[in-house]
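Dear colleague,

Please find the structure below, followed by a short account of what was found in it.

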Amino acid sequence: MVTAKVWVLKKHFEGFPKISDFDLKKIELPNLKDGELLLESVFLSVDPYMRPYSRRVMKEDDIMIGTQVARIVESKNPAFTVGVFVVARSGWRTHFISDGKDLQALPSGWPESLPRSLALGTIGMPGLTAYFGLLEVCKMKPGETVLVNAAAGAVGSVVGQLAKIGGGKVVGCAGSDDKVAHLKKIGFDEAFNYKTVTSLDEALHKASPDGYDCFFDNVGGEFASVAINQMKKYGRIAVCGAISQYNDSVPQKGPYVQMPMIFKELRMEGFLVTSWNNRWEEGLKALLKWVMEGKVKCHEQVTEGFENMPAAFIGMLKGENLGKAVVKV
């Protein structure tokens, strides 16, 4: 009999999440049946999507949603061997039982030298979000200029590097000078701290006087309202996230996008990475290759201890992470 620790959503978030909105519980897991396996979480992911999705798909006292890299510790399923690592979407828990149908193997050829936590970030869902958002939604072409906000985060940092691989110019913005320095270090052509510029409009114009062909938007709100006016004619905007609005108790007004959309004949498209589920293997293979070649650099913010899951989640929403935020059990 194994005792699993789980974090449940004690109370739906009102405004910014608080530690008191979560509750740590213990669950006794039953013995395995034929076809089942027992897994132990090694790394768990905290991501912005958890904030809006918690309200959409969860009830209070449900185990918090999320993804982990887990190790198989016991198996009664001949398709799975003890000691193998997989990616699972089983929420915030230290141990869980699976029939194997909801598990995803790490990409083939994963070297021992590469942290398995990257399967939650650059070589996982966030990396795939960057991959398909830039290539399929923005349809970036060589020589084009790409704007990325929240550019030092798990998705934005990969978008910028993929744009460089594709022959584009990249402008990124982030919320601290350290993050700006990191963006320049990993190859962004221009980067600035949006919190310290006197005028966002002027900063965007200075970074690319000719405007932007592609805008990968992770933030929404006022930033998007300003940036859309800097788009070139026939520009494309991939709406990936709206982190500036996730914690609002009262909806923001605007942005009002119709005029620039009309006169510049822009295309603006929201997307979910799950639309390309049938092509995940392709994307993961490409991302792994670029990481191994050193063309895509990875940075992780690792929090130690399962008991710190809520703090890591809240810190990520506050923008305290550089790169992908993960928790090591």
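In strand β5, F85 and V87 point one way while V86 and A88 point the other way, and all are buried. Buried means under 20% relative accessible area, with exposed over 50% and partly exposed in between (1.4 Å probe, protein chains only). In a regular strand the side chains alternate between the two faces of the sheet. Strands here (E, at least two residues) and helices (H or I, at least four) are DSSP runs, numbered from the N terminus.

This is a predicted model, in which local features need pLDDT of at least 70 and side-chain atom pairs count only at pLDDT 80 or more, whereas totals for chains, interfaces and linings use all residues. Residues are numbered from 1 along each chain as its sequence is written, and side-chain values use heavy atoms, leaving out hydrogens and water.

β5 has antiparallel partners. Strand β4 (residues 68-75) is joined to β5 by four bridges, and A88 is the bridge partner of Q68. Strand β7 (residues 103-105) pairs with β5 over three bridges, also in the antiparallel sense, with Q104 as the partner of V87. Two strands pair if DSSP finds at least two bridges between them.

β5 (85-88) is also among the elements that each supply at least two residues to the largest nonpolar core, which has 51 residues. Such a core is a set of buried Ala, Val, Leu, Ile, Met, Phe, Trp, Tyr and Cys residues joined through side-chain atoms within 4.5 Å. Those with the most contacts inside this core include W110 and L183.

Yours sincerely
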